[in-house]
Each structure stands twice: as structure tokens, then as C-alpha cells.
Amino acid sequence: MTTGKINVSVENIFPLIKKFLYSDHEIFLRELISNGTDATLKLKHLTSIGEAKVEYGSPKIEVIIDKEGKKLRIIDQGLGMTAEEVEKYINQIAFSGAEEFLDKYKDTAKDSGIIGHFGLGFYSAFMVAEKVEIITKSYKDEPAAHWTCDGSPEFTLVSHNKTERGTEIVLHIAEDSLEFLEDFKIRELLKKYNKFMPIPIKFGTTTETLPKPDDAPEDFVAETIEVDTIINNTNPAWSKAPTELKEEDYKSFYHELYPMQFEEPLFHIHLNVDYPFNLTGILYFPKLGADLQIQKDKIQLYQNQVYVTDNVEGIVPEFLTMLKGVIDSPDIPLNVSRSYLQADGAVKKISNYITRKVADKLKALINDNRKDYEKKWNDIKIVLEYGMLSEPKFYEKASDFVIYPTVDENYYTLAELKEKLALNQTDKNGKIVALYTSNKETQHGYIDIAKEKGYEVLFLDSPIVPHLIQKLEQDNENLTFTRVDSDHIDKLIQKEDTQISKLSEDEATNLKTVLEEFVPKATYSVQLEPMDSTAAPFIITQPEFMRRMKEMSQSGGGGGMFGMGNFPEMYNLVVNSNSELATTILNTTDKSAQENLVKQALDLAKISQGLLKGEALTNFVKRSFELIK
């Protein structure tokens, strides 16, 4: 029998404590099963190169709950340990057996799948256990060993009569951690952290009835057998080459990842690179809503098929965190801070690679089947528009696959749009004017005016559109975006057939004076415009710059990404000086009647902009009924 103290070296323990700081006790199960997986994969490698003269077989890892004895057992059939190896790997905390193995066999073990880098993983067991036992038998022809420790530096190490190769960890669960003796809790953790581990994990058994033979007698009684319940998929889709998978395989894996997601993904992107870093994975574009925050934390990060987190910011570009799927890379460190990830060179390369792969996929989709791509546009646009604003490298490629729909459901790339609008929609300085609407219902009247004049109106309704068009204008000097209700259309677009006012200069001055007497100066700027006599007499518009700045401020959410303070409500009241109403107002001598005409016309214009509410709306309705009488 050996007794002694665990060798805790200050110089080698602190770097590991800093690197592996566990904040959640449930992580212990991931660590112990990862150790068992490593032990099994190491044996597989040693047998494949002829160094271990044993039969590898079909090993598995088994998790057993002993509720009465308050024990949790994790049993593997890996390479096991000798008493000497227990002394070396268990008693000397901060010595990583996986790292030493990889270093020794670095030329042949590159693709062995050994998880490694878990360092202190075994000692996470003491977060939930008051005592831990290791019963282990090496694949070498040496006696089994039995190590026991109660969480203090004291341990015992004796021989054991175990004859089967492998290691059994016995956790004597502490009183404050009895939840880990519940079947549902362990099953939940296994599904969360170990769902795709490369070695089968057995947790319990189920009964299965054997089929009745064709020639069975009438009194035949079917035999019932016990079958191991394997809770993990050892060969998930992302671990395979894209050539091995069909479209149905990708969809099936999507529903395996998200069993409660009933809608099919729009399309997928298979990531597969081994230089200058190792990374595999599958990303899915689901149907997305307009809320950017709700969508996040759907991508799962793995390291060699071991679940790490679903918060992948810093690894995946922020705009893509709204996607779903899996990323697996042994080059991403575990249990480190977000600031560390942001500063890590390998992580930055991974982020750039993912951005490029997504851009390449989108370009291929629009080139291969544009009609299908256009149908999916509304479901993916928020991600791509956000990507254009937040990722310069993505923005550079966006002109190949970002499209701009019109209210008539025509779709243009930026180059196509500029070419189309240059023919008919330019201002007095020769700039292309891209008219757009953010709401086809509330801006319907303005859209009609534009369409009657033969203009294209884009339909841009994402909450971040004000920021996006600001950026597009900065990078395209000959292009300006203007919402259809931002100013009267005849002022925006240069036309040869300009209207001439029917009012004299004095009449126009008098009309403006009358209007300004009844129209609130603090909110409205009165403008007289000669238009076709059939055009609306009163139109309310909002200066594009002021409205856009206000929208950008609101979408920033006060302190958000685009927070810019508050902007006042300012509108233009554009009065058609050639309308019959303008002449009537001018010629009405009864001040009360004149005021009623102006207020009624102003309120009608407000309604078209959704500005008439509350008491003002009530008064308008009363006044309208009086006019009808």
C-alpha cells in the first residue's frame, strides 16, 4: 500500500487554474467522460500502430447511478493506468496526460481525435464529490490499481483485483450535490455535453422483443432482451466530408440539433478546413424575424465533438451568431474569457474564414438559382444587412449577393439598381435617386404618386435600413436614398415638364400667410409647390435627414450600438398651389370658415402619415360630421 501527498506545484498549477476556471459544477461530467474518451482513443491509436498488442474491440463508456449508495460511476474500456501512471498523472496535478501523449506520438497521432488540453479536468470531480475512487487496469500486463482521495492532499493507492482493461471513476456524491444522482439530471447533462462524443456512451438499458420467426408454433413466446441505451451519435454530420452527405442528411441533422424546431432551414454551409487551423462544422440559415437579440446563441461550439458553449461571440462574426448549427475546432481554447478570444490570432483567422465561406455560399446561391434566392430574401436579409454594417470584409463581397426588392417584387443588385434608376430617376445634380418605402400600408398614397409617374420604389423595411443606406451613400457618391414621403416627388427628381403656378406672386404670398396663421409653426414648415391640379392639395413630408437621424437614434435603443440622442419632430406641409382647395382658402373671406378649411385639410394630410391621434383625431371626426350636415 502507498500513501502520500498529492504533489501540487505552485509554478505549474497557477497557469492551469487561470486557463481552466470552472464556474459551473455540472461541467465535471463533461470532463470525466472526456478523459474516458481520451483513454479509449489513445488505445485505438496504439493498437493501430502495433504498439499495444491487445484487441481494441468495440469499447464504450458507461455511466451508472447508485442512488442508494450515493455514488456515480463512469467506466471506460480504454488503455487504463498502472499504479506508476496513477502516481504520475493523478497525484501530480497540472500534468496533462493527453498533452504528453500527443507530444510523444505527434507524428502519428495528429488525427487520432484525442481531446487533450483538459489539464485539471479530473479534479473537477471534487466539485460534486466528497470522495473519489479510481479503479484502473492498464492494457499492459500489470496489476490493477485502486486510488482513493477525500479531496484533501492525502490519498491512498493500493492494488486491486480488477481484471478488465480500463478505468472506473467512483464519485461519492456530496450532500449539497445530490441532484447528480437523479436519472433525468444525468441524462440532461449527457445530452448537453456529450451528445456527439466519438465513443458510444451507455446510460441504462431498454428491453427489446425479438421478432417471431415465420415457422414459429402457435404457442411461441417471444424472447425479451436487454439492450444498451446509447445516448450519443458518435459520427455526426459535421465530422463527415460534404461528399458523403445528401440534402436530406443535412436536414435530418438540423432536426437532431434542434428537435423542437419544426420549420426546415433555408440552406446550409458546410465548413471544412485543416490549414492554417482545424475547423469543421455546419451552419444553417433559419427563417429569421426582425429581432436581432432573440435569435442569438443558437450555434453550438465543440472541441473534438465535446460541447463547449452556445455563446460563440468572438469566434463567429457577430452578425452570424443569429444562425444555427455547429462549429468544431481543436484550435479554440476552452474556458477562457471573451477578451482572450478576441485577442487570439487563431480565433480571428477562424472568424474571417467563416465570413468568407458564408459570402461564397451566398454568391453561389444567387448565381445558381436566382428565383429561389429571391424567394428566401425576406428570411435572410436582416442577417446580411447587419453583416454589411458590422463586418468590413463581408461588406466588400456583399454587392455580389445582396439584393434590393421593389414594391412590385422586382429584385436588383446594387449595380443593376443604379443602372435601372439612372435612366429615369436623377436629381438636378445628376445623382441617382432611389425612392423607397419602409411600410407599404402607411405610405401607400406616396407610393401611388411615385408609381403613377413611372418611378421604381424599393421596399426596405428592416429596422437597420437607415444605417445601411447611410453607408451605401457614403460609398456611392452618385446615389442617394429617399423615402417616398420625405419630400414631394417633383422636388426630388428632375423633370423636363415642370408645372407652372397659376397664382401670382402676391397671391402666393397671401396664401402662405393665411396658412401659417393656422398651421403650427413649431412642427410644420409651409411650402407652396405648383403641381398638377389633380394632385393632393395638402401633403405632409418629413425631411429625409431629420427622419433618418431620428430612426437611427431609435434603433440604437438609447445607449445601443447606434444610439445618437433624440431628434425633434419636424415636418413639411407641401400645399399644391394649383389645387382648387388652395384657391378656395385664398378667396374665403370668413376667417372661421377659412380656419376650418385649413384644419380639415391639414388633418386629412396627417391621417395619410398616421400622425392624427387621440384628441386631435376625435375633433377631426366631429368636425367632419358637421361638414357633412
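Helices (H or I, at least four residues) and strands (E, at least two) are DSSP runs, numbered from the N terminus. In this predicted model, local features need pLDDT of at least 70 and side-chain atom pairs count only at pLDDT 80 or more, while totals for chains, interfaces and linings use all residues. Residues are numbered from 1 along each chain as its sequence is written, and side-chain values use heavy atoms, with hydrogens and water left out.

Ser252 sits in helix 6 (residues 247–257). Its relative accessible area is 46%, so Ser252 is partly exposed, the class between buried (under 20%) and exposed (over 50%), with a 1.4 Å probe and protein chains only. Ala237 lies 15 residues from Ser252 along the chain, and their C-alpha atoms are 9.2 Å apart.

The chain as a whole has 19 helices and 22 strands. Of its 629 residues, 49% are buried. Contacts (heavy atoms within 4.5 Å) between residues at least 6 apart in sequence join residues at least 24 apart in 71% of cases.

There are 2 cavities of 30 Å³ or more. A cavity is a set of points on a 1 Å grid over the protein atoms alone where a 1.4 Å probe fits but cannot get out, and lining residues have an atom within 4 Å of a point. Volume is the space filled by probe spheres set on the points, which are joined across faces, edges and corners. The second largest cavity holds about 40 Å³. Its lining includes Trp377, Lys381 and Glu385, and helix 9 (residues 370–390) gives the largest share, 3 residues.

| Lining class, second largest cavity | Residues |
|---|---|
| Nonpolar (Ala, Val, Leu, Ile, Met, Phe, Trp, Tyr, Cys, Pro) | 5 residues |

Methods: 1 Å grid on protein atoms, 1.4 Å probe; cavity = no way out; pocket = protein on both sides within 12 Å on 5 of 7 lines; lining within 4 Å.
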